[in-house]
Amino acid sequence: MKREDIEQLRQRVCCSAVLETSGFAVDVKESTRRAVKFRRGSEIVIVTHEGRGWFDPLTDSKGDIFSLVAHLHGVGFVEGLERIAALVGFQPSLPTWRKLPPHRTTVTSIADRWAPRESPVPGSGVWRYLRWERSLPAAIIQTAIRQGVLREGPCGSMWAAHTDETGAVTGWEERSANWRGFATGGAKVLFRLGSSPASRLCVTEAAIDAMSLAAIEGMREGTLYLSTGGGWSPATDAALRALAADTEVQLVAATDANSQGDAYAQRLRAVAEEMGCDWLRLRPSADDWNDVLKQQENEKAERGRWTRAACPIGASAVRLRPAKPALDPPMRDRGGPGGVKKD
């Protein structure tokens, strides 16, 4: 096959088609327009570059459609070409993404884009989203604001900062009711909330999960709540190792209750073993920690409704009947016509 034919195949068949016909399905909750996550059991592949590239977040594997076929099926280049050619015309069933209104960015550096953004305040779009849609307590939101890791992004989106060991912002997780992403041009390191230095490191996969676990635990003393932003970059690995350098530190894998979360937990366990510190798997009772928090808040609200129904306002007060007038004993009329005897 000529080089021109190979390039034509590369343009006509996307990685999503290969994955869908290989038994993978889109994880809509964990996908964005620029990075579509596919799952097949415990296997994960993320498609990027508008379907022309891919990578495995749990290994170092990545490449184009030809390397993807070889990665999935263990075949050579010639057989891979045949498999890809058979998919010409196949249209994968990808979700429809809601596009945010365009906005102008007049500065280019991460620091310059972060600095002018306002912190959330009660009643703002991000505050309402975190407080009412995500059930985060006001105290946790205020703590994150005081520590400088929350900002109001465009269109009411939450920006949760990732920082390096010096505290410099390297990027941010972006989240709203209709949007999920990461800062364009930014680098995932760690979202950090809580004590520093800390003797207990709770690692989650999203900033909202880190804040949710902090709410559930009541901002446990000596604990740093972390998020990898759903990735595991070399910078993330280095930052975790720096935090876990003290052998007295406990590294807690508070990742999601699914195959990806378990894979992250095993990777954290390997880091703990290499660094010689303690390790613990803290698995949420629901899919993630925000789901656990919302369940707890719903249960509290339900108990409150039962309490009000069982004991309406004012029902606890004891109602007393007016006392009957005191009567003299029979045949002992002390109030007769003789009246009151005067001195």
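A253 stands opposite R281 in β14. The structure is a predicted model, in which local features need pLDDT of at least 70, side-chain atom pairs count only at pLDDT 80 or more, and totals for chains, interfaces and linings use all residues. Residues are numbered from 1 along each chain as its sequence is written, and side-chain values use heavy atoms, with hydrogens and water left out.

Strand β13 (residues 250-253) pairs in the parallel sense with strand β14 (residues 278-281) over four bridges; pairing requires at least two DSSP bridges between the strands. Helices (H or I, at least four residues) and strands (E, at least two) are DSSP runs numbered from the N terminus. Together with helix α10 (residues 259-275), β13 and β14 make a right-handed β-α-β unit, that is, the path from the first strand over the helix to the second runs clockwise with the strands pointing away from the viewer.

W54 is placed in strand β4 (residues 53-55). W54 counts as buried because its relative accessibility is 4%, where buried means under 20% relative accessible area (1.4 Å probe, protein chains only). The side chain of W54 reaches the backbone oxygen of D64 at 2.8 Å and makes a polar contact with the side chain of S67 at 3.1 Å. A polar contact is a pair of N or O atoms within 3.5 Å; within protein, one must be able to donate a hydrogen and the other to accept it, and residues adjacent in sequence count only if both atoms are side-chain atoms.

E174 lies in strand β8 (residues 169-176). The side chain of E174 makes polar contacts with the side chains of W172 (3.0 Å) and W179 (2.9 Å).

Conventions. Buried < 20%, exposed > 50% of the residue type's maximum accessible area, 1.4 Å probe, protein only.
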